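My entries follow the structure.

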Amino acid sequence: MKNSGSKSRSPAARLPKCPTGIQGLDEITSGGLPRGRPTLVCGGAGCGKTLFAVEFLVRGAVQFGEPGVFMSFEETDAELKGNVALLGFDLAGLVRRRQLLLDHVYIERSEIQETGEYDLEGLFVRLNHAIDSIGAKRVVLDTLEALFAGLPTEAILRAELRRLFRWLKHKGVTAVITAERGREHLTRHGLEEYVSDCVIVLDHRIHEQIATRHLRVVKYRGSAHGTNEYPFLIGDDGISVLPITSLGLNHAASSKRISTGIQRLDAMLGGQGFFRGSSILLTGTPGTGKTSAAAFFAQAAARRGERALYFAFEESPSQIMRNMQSISLRLEPWTKRGLLRFHSARPTLYGLEMHLAIMFKEIFTFKPAVVIVDPMTSLLIAGSESETKAMVTRLIDFLKNQQISSLFTSLTHAGNPLQQSEIAISSLMDSWLLLKDIEGNGERNRVLYVLKARGMAHSNQSREFLISDRGIDLVDAYIGPGGVLTGAARAAQTARDRAEALTSQQDTARRQREMKRKRLGLERQIAALRSEYEAEEEELRRLDEQVAKRTRVVTAERTELARLRHADAIRVAARAPGKPKERD
Amino acid sequence: MKTRTVKRHESNSTGAPAKIWQLRLYVAGQTPRSMTAFANLKKICENHLKNRYRIEVIDLVEQPHLSKGDQILAIPTLVRKLPPPVRKIIGDLSDTERVLVGLDLRPAD
């Protein structure tokens, strides 16, 4: 068995798997269908059962070298070949190379008369012969339930079906049995009773006029499997199942940085721009320059010699290129050199799943380093919000796994609470730039913020986002007591500020001069007072001296007088000099 | 069991060749059920189509590729190849009445 390699890898008796080759399904079932056992695939009309079965065989034959037998109870060989040719499956070629055997079992009730006991040995013989003739490893029984309509005795049929599934297991072929979805049971005739190893349900639901197919692994005995309902689509190359969660969050995170294409924006993002492989959300109201910023990002990638893929849901490529020329961004040379590719489609052209499938396909073929989706919000028209979120999640997971940097623009409507509609999606994004209109003074100016940038120091400032014929530039917005000002108001305010500054400078100088003058005046006053005081002091001293002198003179005179009078009063006078005066 | 062709073919009294019934019995190995079917068939033919029938027994175990041509699923299956239209009768042919109806030898009432 081909699978023996994987068996030896995990010796813990792991169930051998048979890879289907169907995109995504092998991830969900961790390896494929149970090898050597029957798998039941059920679903309503038109949900892709037959295609699932055909693809299982075709991929088995082409990719895994396992021939297969397709036993059809409904479609003839020619019908089958025709139906799947559209999907690029060349059944006729495979049949010629004996990698595939188609067998149409035709059963017509009206031609059959039952006359006693019988069994379905003829079917066994036929199947056995088909398997042995090409050494088939895979078998498909497409809508085995047709037998219930074709054969009269249900009891015999049920016993024979049980035997058939046992026989298939014994034969060691990996079988896919399709069955119509029943009302109460998984299948109309309760086939799930016989096939107990693996049951897959396909579903086709219509929501708001857009149909989405879903796949669910209901049961997988002996194996872990994803239990969700996974959307799948039928594209040009068959079925692809898009597991939302199975991709997991295990993508490698690059620490390499890439430029945004706008120098000042790089500076706002820690000086180096975005991380490679990160997802960037650019939201803004209409006319804020989202497309221009996205185009610069694309150009930056092309300049580095990397491929950029631009999904435009609003404008045609030539319109974008013409418009960008007006801000001297020439994209044409890059498209000519094959570094930039546009993919334009109206969102309403097809459902979300189809959009996703086409985007995947474009990404697979172009292998870009940068993907731009402009605008993501247009896709909301094609699906509900939760579906769009699921789709974007899948897209982002996929892009991150591939290390592709992605930029999603998102249109917010004026008047809406700014972050509301993006909440669902912004959590998936690594960086979120916000473009905003600031209206005032009869003009409208664009402002850019970095709302978040995971894993890097980023500016918390808002910058004025200028789009001119020279390109995009970011200017520091005026932030002052009057609020954030932009545009002409910013220029005016800056001029006003400058004038104010000048005035206040002059004021200060004047005040300083005044103070100096005052001080000088005071000093002068102090000096005058001091000299006055000194003059008074001098005067006082002089008076004192005069008094003392006069006293001395008077005393001398009195003494002289007494001496002249020879009075004994000398002693008296000597004792109290005033007394003789009193006696006078 | 090999493919056997049992011919019971005679001219009738008028001399014109009788309408020959061509019957084909599909079996898978010599199981009791296929033996029963063959015996039942032979009995019915002898009783109702004497000298006007030819039975071809095909053992699918030996010739599995022949199952596709007549779209054989059930075993045993009796196919009336001639006269047209083709009729198929499944089972061991033990219900004679139904066999006769199935072979158009008797109206279904």
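In what order do the nine strands of the open sheet in chain A run? I read the order as E17-E16-E18-E19-E15-E20-E21-E22-E23 (chain A), with mixed pairing. I took helices (H or I, at least four residues) and strands (E, at least two) as DSSP runs, numbered from the N terminus, and two strands as paired if DSSP finds at least two bridges between them.

The model is predicted: local features need pLDDT of at least 70 and side-chain atom pairs pLDDT 80 or more, while totals for chains, interfaces and linings use all residues. Residues are numbered from 1 along each chain as its sequence is written, and chains are lettered from A and ligands numbered from 1 in the order in which they are written.

E20 (residues 431–440) and E21 (residues 443–453) of chain A run antiparallel and are joined by ten bridges. Gly440(A) is opposite Glu443(A) of E21(A).

Then I turned to the contact between chains. Chain A gives 22 residues and chain B 30, where contact means C-beta atoms, placed from the backbone, within 7 Å. On the chain A side, H6(A) (121–134) and E6(A) (112–114) each give two or more residues. H6(A) has the largest share, seven residues.

I last noted a pairing across the chains. E6(A) pairs with strand E5 (residues 87–90) of chain B in the parallel sense, over three bridges. Gln113(A) has Ile89(B) as its bridge partner in E5(B).

Conventions
Contact = placed C-beta atoms within 7 Å.
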